[in-house]
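Here is my note on the model you sent over. Please read it with the structure open.

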Amino acid sequence: MTKAELVEKVAERIDLTKKHTEVIVNTVFQSITEALASGDKVELRGFGSFRVRHRDSREGRNPKTGATVFIPAKKVPFFKAGKELREMIDS
Amino acid sequence: MTKIEIVNVVADRTGLTKVKAEEAVEAVLQLMKECLAQGEPIILRRFGSFQVRQKSARIGRNPKTGQGAEIPARKVVRFKAGKYFKEAVNTGRLPGTGGESV
C-alpha cells in the first residue's frame with residue numbers, strides 16, 4: 001500500500017475529501033518524524049511505538065575492497081509493534 | 001508523544017474538530033493494521049516502509065534462568081525508516097528546511 005492508497009482508503013472510511021485526508025496523513029507521519037528528531041518517543045496504543053536507538057561507532061568493512069572504514073555513532077528510528085498489531089499479524 | 005498529541009496537531013493544521021481529527025488518526029492506524037494483517041507491505045515515501053516477515057522457529061534462552069526454550073515460527077512486522085526520517089533523527093533537524101532544529 002502506498003501513501004496515495006492509504007489516503008484514498010482513509011478518505012472513504014471517514015468521509016472526507018482526499019485533499020483534506022492527505023494533509024491528515026502527512027501530518028501524522030510528519031509529527032512522528034519531528035518528535036523523534038527532537039529526541040522524544042511516540043506511543044500509539046494498539047499500533048506500536050517509535051523510539052530513537054543509539055548505535056555506537058564501529059569499524060566496518062567495505063565488502064568490495066575489504067578496506068576498513070570507521071562508522072561513526074548514530075541515532076536511528078526504531079519501531080516496535082504493539083500487542084494488538086502483533087496479534088493481528090501472527091494469526 | 002501520544003496519539004492525543006498527534007490528534008491535536010492534526011486538528012490545528014486542518015481546522016477539523018478534535019473529534020473528527022481523532023477519528024481520522026484512528027482510521028489511518030486501523031487501515032495500516034488491516035493492510036499488514038493481510039501480509040501487504042506499506043510504503044510511505046520519506047517516512048519508511050512496514051513489512052511482514054516470516055521468522056522461523058528457533059531455540060531461545062530465558063536470560064534470567066539460562067534455560068533453553070523453543071520460540072515458535074511467527075510473523076513479525078519490520079519497519080525500515082526512510083532516508084528523510086533517518087536523517088531527521090540522526091541530525092535532530094528536518095532535512096530540506098534550511099537547517100532549523102526541531
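1. In chain A, residues 24 or more positions apart account for 25% of the contacts with a separation of 6 or more; contact means heavy atoms within 4.5 Å. This is a predicted model: local features need pLDDT of at least 70, side-chain atom pairs count only at pLDDT 80 or more, and totals for chains, interfaces and linings use all residues. Residues are numbered from 1 along each chain as its sequence is written, chains are lettered from A and ligands numbered from 1 in the order in which they are written, and side-chain values use heavy atoms, leaving out hydrogens and water.

2. Chain A has a radius of gyration of 19 Å, whereas a compact globule of 91 residues would be near 12 Å. The radius is taken over C-alpha atoms, and the globule rule is 2.2 Å times the number of residues to the power 0.38. The C-alpha trace spans about 55 × 30 × 30 Å along its principal axes. Of the 91 residues of chain A, 38% count as buried (under 20% relative accessible area; exposed is over 50%, partly exposed in between; 1.4 Å probe, protein chains only).

3. Chain A has three helices and five strands. Their order from the N terminus is α-α-β-β-β-β-β-α. Helices (H or I, at least four residues) and strands (E, at least two) are DSSP runs, numbered from the N terminus.

4. The largest nonpolar core has 46 residues. Such a core is a set of buried Ala, Val, Leu, Ile, Met, Phe, Trp, Tyr and Cys residues joined through side-chain atoms within 4.5 Å. Helix α2 (18-37) of chain B gives the most to this core, 10 residues. Phe50(A) and Phe50(B) are among the residues with the most contacts inside it. Beyond four places in sequence, Phe50(A) touches residues including Ile32(A), Phe47(B), Phe50(B) and Phe85(B).

5. Which residues of helix α3 (83-91) of chain B are buried? They are Tyr84(B), Phe85(B), Ala88(B) and Val89(B). They cover an arc of only 125° around the axis, so they sit on the same side of α3(B); the arc is that of the directions from the helix axis to the C-beta atoms. These residues pack against α2, β2 and β5 of chain A, together with β5 of chain B.

6. Asp90(A) lies in the segment after α3 (83-89) of chain A. Its relative accessible area is 39%, partly exposed. Neighbours within four places aside, Asp90(A) contacts Arg74(B) and Lys75(B). The Asp90(A) side chain reaches the backbone nitrogen of Lys75(B) at 3.1 Å.

Notes:
Polar contact = N/O pair within 3.5 Å; in protein donor to acceptor, adjacent residues only side chain to side chain.
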